[in-house]
Amino acid sequence: MNVFSFYNPYKVCPPGLHLSLGLYLKHFNSFESACHLLDIKISQTLENSSQDLNADFLKTAEKYARARQLDEGADGLDDSANILIEHLATIQEQTTAVVYHQTIQEKLKERDNLRNEAESIRKGAKLSFDKGPLVKQLDATLQKFRVARQAYHGKSFVGNHVHRCCQKENIDLLMADVVNLTNQLCPDLVEEAKAMTDKYKVLFRLFGTCHKQYNTADFHSDEDIHALELTIRSYLQYFRTKFGNETIPPKMHILEDHVVPFIKKWHVGLGFLGEQGVESVHARLNSIKYNVRGLKDDLDILKSVMVTHWVQTRPGAHSIR
């Protein structure tokens, strides 16, 4: 028997908080990867900069600059060899022709050596993911609206931070900082940066609208549910169109196929029946535990935390303690 035959989608609330955490992180990681690719292009074209850049990034940029110098030298030798080849066709005297031929071969050999050296330098000039200026700028921008990723948990976000990141003005700030820094470092790439950030700006805004509509504890009218359905459809359609090479994770499937039917059944947002309430209790217990950190015995700490929480959630219980 199929175990899923017992599953009733109307009795299991989709985990709205974790949907938002997972999907936002997925899109942010994708955006970060796009910034890394742009960092690589910047390092390949950067001549000099007054910016306070990471030492590893500057070393990589210096290697690419050296490779460009070698390429320019190889191009010069190639031009010289071509000129000699043209002259060689007009030379009648055998001895002179032999000298020309030897010189041409030497220049072509030196050209090939320079190009091989340049290619070898490029292969060794790998830029670490977190060393590029654009990738580093992302965390600096997040801090502007008081968001810090979890350093030891895959750089994930917490619920309140995702809500903050989905604010339109913060999305715009995140994209603008990438474009502005690109313009400072490499103006030739600013149009590419604008095109990239414009694509992600739409994605984040569409997802942010979905997040705000389904992650509430409010009553949802039929009109609200229809609006949510259209928003989710627009978000997924845009994602599939613009990011067709990316996978559809289970959380995206849940959002697409299970969130709206559940809300249609109960007419409340996922925040009313979802895991946010339990998460808030965890946060409250941790806060109380911090306040009784002076106690030594684990049992005393647990008892104090539970009694305090009981009294805070049911003040009338204080009289019967």
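A salt bridge is a side-chain nitrogen of Lys or Arg within 4 Å of a carboxyl oxygen of Asp or Glu. Keep that in mind. The model on screen is a predicted one. A search of the whole structure turns up twelve salt bridges.

Let's take a few of them. Start in helix H7. Lysine 194 and glutamate 191 meet there through their side chains, 3.8 Å from N to O. Why about one helical turn between them? Because lysine 194 and glutamate 191 are three residues apart in H7. Glutamate 191 is exposed, at 53% relative accessibility. Lysine 194 is partly exposed, at 36%.

Next pair. Lysine 264 bridges to glutamate 229, again with closest N and O atoms 3.8 Å apart. Lysine 264 sits in helix H10 and glutamate 229 in helix H8, so this pair ties together parts that are 35 residues apart in sequence. Both partners are partly exposed: lysine 264 at 43%, glutamate 229 at 26%.

Third pair. Glutamate 256 and arginine 240 form a salt bridge, with closest N and O atoms 2.9 Å apart. Glutamate 256 is in helix H9 and arginine 240 in helix H8, 16 residues apart. Glutamate 256 has 31% relative accessible area, so it counts as partly exposed. Arginine 240, at 40%, is partly exposed too.

Now back to H10. Which residues of H10 are buried? They are Val259, Val260, Phe262 and Ile263. Looking down the helix axis, these buried residues fall within an arc of 160 degrees, so they line one face of H10. What do they pack against? The partners are helices H1, H7, H8, H9 and H11.

H10 covers residues 259-266, and tryptophan 266 belongs to it. Tryptophan 266 is partly exposed, at 41% relative accessibility. Together with Tyr10, Phe272 and Leu273, Trp266 makes a nonpolar surface patch of about 420 Å².

Last topic: cysteines. A disulfide is a covalent bond between the sulfur atoms of two cysteines. How many disulfides are there here? The count is zero. Take cysteine 166. The nearest cysteine sulfur belongs to cysteine 165, 6.8 Å away. The cut-off for a disulfide is 2.5 Å. Cysteine 166 is buried, at 3% relative accessible area. Cysteine 186 is buried as well, at 6%.

Conventions. Residues are numbered from 1 along each chain as its sequence is written. This is a predicted model: local features need pLDDT of at least 70, side-chain atom pairs count only at pLDDT 80 or more; totals for chains, interfaces and linings use all residues. Side-chain values use heavy atoms; hydrogens and water are left out. Patches are made of residues with over 30% relative accessible area and no salt bridge: like charges are joined within 9 Å, nonpolar side chains (Val, Leu, Ile, Met, Phe, Trp, Tyr) within 5 Å. Accessible areas come from the Shrake-Rupley method with a 1.4 Å probe; for residues, only the protein chains shown count as cover. Helices (H or I, at least four residues) and strands (E, at least two) are DSSP runs, numbered from the N terminus. Buried means under 20% relative accessible area, exposed over 50%, partly exposed in between (1.4 Å probe, protein chains only). The arc is that of the directions from the helix axis to the C-beta atoms. Contact means heavy atoms within 4.5 Å.
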